[in-house]
Amino acid sequence: MSDVSFVVNGKRVSGAAEDRTLLVHFLRENLGLTGTHVGCDTSQCGACVVHVDGRAVKSCSMLAVQASGSTVVTIEGLANGADLHPVQAAFKEHHGLQCGFCTPGMIMTATDMIARHPEGLDEATVRTELEGNICRCTGYHNIVKAILAASKTMAKASKGKAKQAA
Amino acid sequence: MGIEGIGARVARKEDKRFITGAGRYVDDMVVPGMKHAAFVRSPHAHAQIKKIDVKKAQAMPGVIGVLTGKELKADGIGNLICGWMIHSKDGSPMKMGAWSPLAVDKVRYVGDAIVIVVAETKGQARDAAEAVEITYKELKAVVDATKALQKGAPQVHAEAEDNLIFDWEIGDAKATDAAIKAAAHVTRMKIVNNRLVPNAMEPRAALGHYDKAEDHFTCWTTSQNPHVARLVMSAFYNVAPENKLRVIAPDVGGGFGSKIYIYPEEIVCLWASKKTGVPVKWVADRTESFLTDAHGRDHVSTVEMAFDKNNRITGFKVDTIANLGAYMSLFSSCVPTYLYATLLSGQYNIPTIHANVRTVYTNTAPVDAYRGAGRPEATYLLERTMETAARELGVSPAELRRTNFITTFPHQTPVIMNYDAGDYGASLDAATKASDYAGFAKRKTAAAKQGKLRGIGMSCYIEACGIAPSAAVGSLGAGVGLWESAEVRVNAVGTIEVLTGSHSHGQGHETTFAQLVNQRFGVPIDSVSIVHGDTDKVQMGMGTYGSRSGAVGMSAIAKALDKVEAKAKKIAAHLLEADEGDIVIENGEVKVAGTDKSLPWFQVALAAYTAHNLPAGMEPGLKETAFYDPANFTFPAGCYICEVEIDPETGTTEIVQFVAADDFGNIINPMIVEGQVHGGIAQGIGQALLEGAHYDASGQLLTASYMDYTMPRAGDLPSFKVSTSNTPCPSNPLGIKGCGEAGAIGSPPAVINAITDAIGIVDIAMPASPSTVWAAIRAAK
């Protein structure tokens, strides 16, 4: 057993974990953050994507102890109170989810993708960058649409903020 | 159409919880005292179990119980059954071998469950499972259905000689043979429909909880039909009487057919909970899902299609061998028979059809319904054959189809189905227009200049949905009826709960069903709650599969709404001192037509519950139940066109455009319907290009993870061009046909027709992976 301590969704949390405990299991079982899902055993499906120190990470590919000292954001921590994150809102508006199981990972991946492409996204880039996230319901059509729409919304919002700052 | 009524693109109510991580799937459930299970599974495809030694495992840290099939049998837990009786053409019943939830003497496929280990943690359960020592005597295995039928092949079940489960036929053999003999042209093909793994993203899971004080069981499970699960576990598997067994299917992460069936794990978890005295949770890992979820398809067929000199089809003959795997799953027998051969007329006028189907045991995972279930297999045969025939006859594939379209309705096919409505020409026109079918030759030439092989392929599918009139399916061997139920509860403040026997695992029922209520009473959809998935809350229902929740599930709701509306009108007429016939309900108001007299909806509801002033003799309350039994199957149909570009150097196929033109009857929420089509097409393209379950000769599943089984990813697919041209279904009150399976049914032949067109060959095996395509190009040269 090892002590694990990190900041999750803005709150400092700590606990003991077996050395073999994966970050995803610690989040789900110790912290009750069940929005992060396990869809495979081989780090292929991406249902478990969270942000660790600002980067999208498959939380099944990291031990809980490895995440100690990090700042972690899960799907539960993405919205600002009652205000949905623009990516969450876009998934709803564009019907980018059906059964909802891959959705948390998709949204966390998409948020990271948009942040890494301040120049904007096109369909081909979105499809390539979704390589690590599998969805069985939507055929990706509306997920791609939602990410492109969110990217535009967020670009507008950051331009607006930049203007305000100027 | 109101902004939330029928036909409106309303964003989904259920999305809020899924996009914020607040969905509640079985693995998210925690019950006080809950412990974790792991199954010991057979590593062999076929073996006798000589000895099971659990001593070491029992002594492992955290272990609470290690239980075997012998103990399960001693407690009277029954074998798993197939619930649809099929008789062979000689009149004999299908030969069903025993399927014990935990194997006792023999294992028949890799993954067959043998022992359950319950421990404090999942890790400890798995560690202990590895410490269970089982001595096997390995037997020769057979994985290929054609080989399994040969004399001397390994015998999977003693009950089924030569592994033949049944040898069934439909249609007129003599007339069909005569038509082939007299034909001006006959197209002959051997067609393989590859085995697939459904792969819902949420792995199967079960949490069994036995309450000793109440002598009552609760099962949380990943089910598409919790009531059927309860019925079967109660009536056939002796888990508990129905009143002592509650089955809850909470949020379920996709099903595609694979979560219809009752599997060993949920039965064993319930039993183990009683045995160990703790709630027991099991969650499959992905490899367990690959090994043990019911697979789909796996047909080998030969077909002969006869044409007269005017290119009209005069007969269609099919011979199919269907692999059902090691055990007969719950509905496995109806898939390659009544859900398959009854669709062999497709959209075409075919005077005579004959199909012979042999189903076969092999040492592979059980095979059952997977999105489309039988109908994709039928469509694949027809549409591959039509395309090939067009090439042989030197006519346009579109025109050959048009020449043979059924144009008048109702139309009785030679294989049971009575098509009630459709306009196949309209879908064909819509698809050819949207895809610029006429301009393809130019695009092909342009692609050739870039060194690419461009091809176009079409598929005109029909399916039978709703599944289906209970008396009809009963006469064909079904062990259950296929109606649906609904209860509409108007609360005293006018908000509404709809309790439905349908189950949503991605289909958006919480929105669509609420739209139906909004259309009727004008109540905002936020004031309408859809309750489903819990046998303690909802009256008996049959669940969701076969694209039935719109056509059948919502028809039941419509019937219940009729009753509520009639009673509400009586109350309003009484309160407003008007004639009942003059009362109309619009936009949340109950009005007397042609006057300014009205009551808000909630006041009528409140009056029903205060019961201070009701018409003489009327019972208080405003709550009605309805059961709807469909009068016919529904017949969604459409035309799909796929255009591909192949790089001959690498064999890589790019889908450059995919057009779907569907006829789904009336549509409640077009956004949700389009989403269903997108997902179905992706699965169909997956089957055609990427997916295939492969066993080696010894019965090891080589494709048992996402490293080995190619799931369609975003980069493998294009955006789709979808449209509908709808003819309402005349047999149900809402005119709905269903849309859940269409995409998966219509798309595989369109893709393969496009690839074979591009390469200039007759056939190519699915999945047409780059290596397969590359080899085909080389062979064609």
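I began with one pairing: Ala205(B) has Val283(B) in E12(B) as its bridge partner. The model is a predicted one, and I kept that in mind throughout.

**Entry 1: strand E12 of chain B**

I looked up which strands pair with E12(B). Strand E9 of chain B, residues 205-211, is joined to E12(B) by four bridges, and the two run antiparallel. Strand E1 of chain B covers residues 35-41; two bridges tie E1 to E12(B), and this pair is parallel. I noted one contact of detail here: His36(B) has Lys281(B) as its bridge partner in E12(B).

Next I asked myself: are the residues on the two faces of strand E12 buried or exposed? I checked residues 280-283 of chain B. Val280(B) and Trp282(B) sit on one side, and both are buried.

**Entry 2: helix H10 of chain B**

I turned to helix H10, residues 375-393 of chain B. How far apart should its ends be? At 1.5 Å a residue, its 19 residues should span 27 Å. I looked up the end C-alpha atoms and found them 26 Å apart, which agrees.

Then I checked burial. In H10(B), 16 of the 19 residues are buried, so the helix is largely enclosed by the rest of the structure. I also looked at what follows the helix.

**Entry 3: domains of chain B**

I wrote down how chain B is divided. Domain 1 takes 31-139 + 201-254 + 259-292, domain 2 takes 299-468 + 632-780, and domain 3 takes 483-628. The centres of domain 1 and domain 3 of chain B, taken over C-alpha atoms, are 40 Å apart. Their contact uses 16 residues from domain 1 of chain B and 14 residues from domain 3 of chain B.

I looked at the domain 1 side of this contact. Helix H7 (226-235) and strand E11 (245-248) of chain B each supply at least two residues to it. H7(B) gives the most, with four residues. By class, this side has eight nonpolar, five polar and three charged residues.

**Entry 4: where chain B touches chain A**

How many residues does each chain put into the contact? I found 42 residues from chain B and 45 residues from chain A. On the chain B side, helix H1 (15-19), helix H9 (286-292) and helix H18 (670-690) are the elements giving two or more residues. H18(B) gives the most, with seven residues. I sorted that side by class: 18 nonpolar, 16 polar and eight charged residues.

**Entry 5: domains of chain A**

Last, I turned to chain A. The domain assignment gives domain 1 (2-77) and domain 2 (86-159). Their centres, over C-alpha atoms, are 21 Å apart. The contact takes 15 residues from domain 1 of chain A and eleven residues from domain 2 of chain A.

On the domain 1 side, strand E3 (49-52) and strand E4 (55-58) of chain A each supply at least two residues. E3(A) gives the most, with three residues. I counted classes on this side as well: seven nonpolar, seven polar and one charged.

Terms used
Residues numbered from 1 in each chain as written. Chains lettered and ligands numbered in written order. Predicted model: local features only at pLDDT ≥ 70, side-chain atom pairs only at ≥ 80, totals over all residues. Domains from an automatic or database assignment. Contact = placed C-beta atoms within 7 Å. Nonpolar A, V, L, I, M, F, W, Y, C, P; charged D, E, K, R; others polar. Expected span 1.5 Å × (residues − 1). Buried ≥ 20, exposed ≤ 12 C-beta atoms within 10 Å, placed from the backbone. Pairing = 2+ DSSP bridges.
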